[in-house]
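User: I would like to learn how to read a few features of a protein model. Please give the general idea each time, then the case at hand.

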Amino acid sequence: MTTWLRDETTPYDIFRFLRDPDEERHQTARVTEEGAAWLASATARPDHTLAVWQERPAAPAALPCGTAFDVVNVEPIFGRRMLDRLWAEGPGSGPIALHRGRMLLFAAPGTAQRLPSLLDWEEWGDAVPRPLCHGVGDAVTVPPLAPTGPDAQGPRWVVAPDTRKPWLPGPEVLLWACVRAVRMVSRADVRVSIFASADPDANVYDVSRRR
């Protein structure tokens, strides 16, 4: 039994649970009531979606893309490198989820159409693991509204939505993050010897770890 259903005989108000700031759980993985309303706004019948979540709070849901958000779907190691750049040097990120071994970055509507074209123009584009971009006509599975435990299988939030109007990165921001992630790996792979090369006229120094 999850923390959402503490008493099988007593109806439990999931949205009261989401409003409660004293619940012991990782805050970034917690969808707030406002965040749930934003997710539901992606559907044609938001009130119905919220009612279904009230009845089945521990179930993931399939939501359409293209109106409230697009989703950029990347492999998790590269996705983490993107997040490192977004959080350390950039504007941050929007909501993020994990599902079936992939990282889902929620982005501004229109990103799914533009990001692939921007990558094709970028000189580092061939080095970027090609993302799957979900936009108009696509749907994605989103995690339950709150964590079900550290050992739970299935989708889970890394950064959960917590407002009715979350900031969402656009295609230019995600392009920047992709390129920075590739450059970071490329710099880490460079190892220059401190010893002179076979060419006596070449002076080579180890500068790969200097900042």
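Analyst: Start with contact, which means heavy atoms within 4.5 Å. This is a predicted model, in which local features need pLDDT of at least 70, side-chain atom pairs count only at pLDDT 80 or more, and totals for chains, interfaces and linings use all residues. Residues are numbered from 1 along each chain as its sequence is written, and side-chain values use heavy atoms, with hydrogens and water left out.

User: Which residues is Asn 73 in contact with, leaving aside neighbours within four places in sequence?

Analyst: They are Arg 102, Met 103, Leu 104, Pro 131, Leu 132 and His 134. A polar contact is a pair of N or O atoms within 3.5 Å; within protein, one must be able to donate a hydrogen and the other to accept it, and residues adjacent in sequence count only if both atoms are side-chain atoms. The side chains of Asn 73 and Arg 102 form one at 2.6 Å.

User: Is Asn 73 buried or exposed?

Analyst: Buried means under 20% relative accessible area, exposed over 50%, and partly exposed in between (1.4 Å probe, protein chains only). Asn 73 has 9% relative accessibility, so it counts as buried. Its place is in strand β2, residues 70-74. Helices (H or I, at least four residues) and strands (E, at least two) are DSSP runs, numbered from the N terminus.

User: How many helices and strands does the protein have?

Analyst: There are six helices and seven strands, in the order α-α-α-β-β-α-β-β-α-β-β-β-α along the sequence. Of the contacts between residues at least 6 apart in sequence, 71% join residues at least 24 apart.

User: What does a contact list look like for Leu 63?

Analyst: Leu 63 lies in strand β1, residues 61-64, and is buried because its relative accessible area is 1%. Beyond four places in sequence, its contacts include Leu 39, Trp 53, Phe 69 and Val 142.

User: Why is helix α2 largely enclosed by the rest of the structure?

Analyst: Six of the eight residues of α2 (residues 33-40) are buried, so the helix is largely enclosed. The buried ones are Gly 35, Ala 36, Ala 37, Trp 38, Leu 39 and Ala 40. Ser 41 is in the loop between α2 and α3 (46-55); at 36% relative accessibility, Ser 41 counts as partly exposed. Not counting residues up to four places away, Ser 41 touches Pro 46 and Ala 68.

User: What is phi near in Arg 100?

Analyst: Most residues other than glycine have a negative phi. Arg 100 has a positive phi, near 55°. Arg 100 sits in the loop between β3 (96-99) and β4 (102-107) and is exposed, with a relative accessible area of 75%.

User: What is the mean pLDDT of the protein?

Analyst: pLDDT is the predictor's confidence in each residue, from 0 to 100. The mean for the protein is 78, and 71% of its residues reach 70 or more. Over residues 1-15 the pLDDT is below 50, and this stretch has 34 contacts in the model beyond near neighbours in sequence. Residues 189-211 are also below 50, with twelve such contacts.

User: What share of the residues counts as buried?

Analyst: The figure is 41% of the 211 residues.
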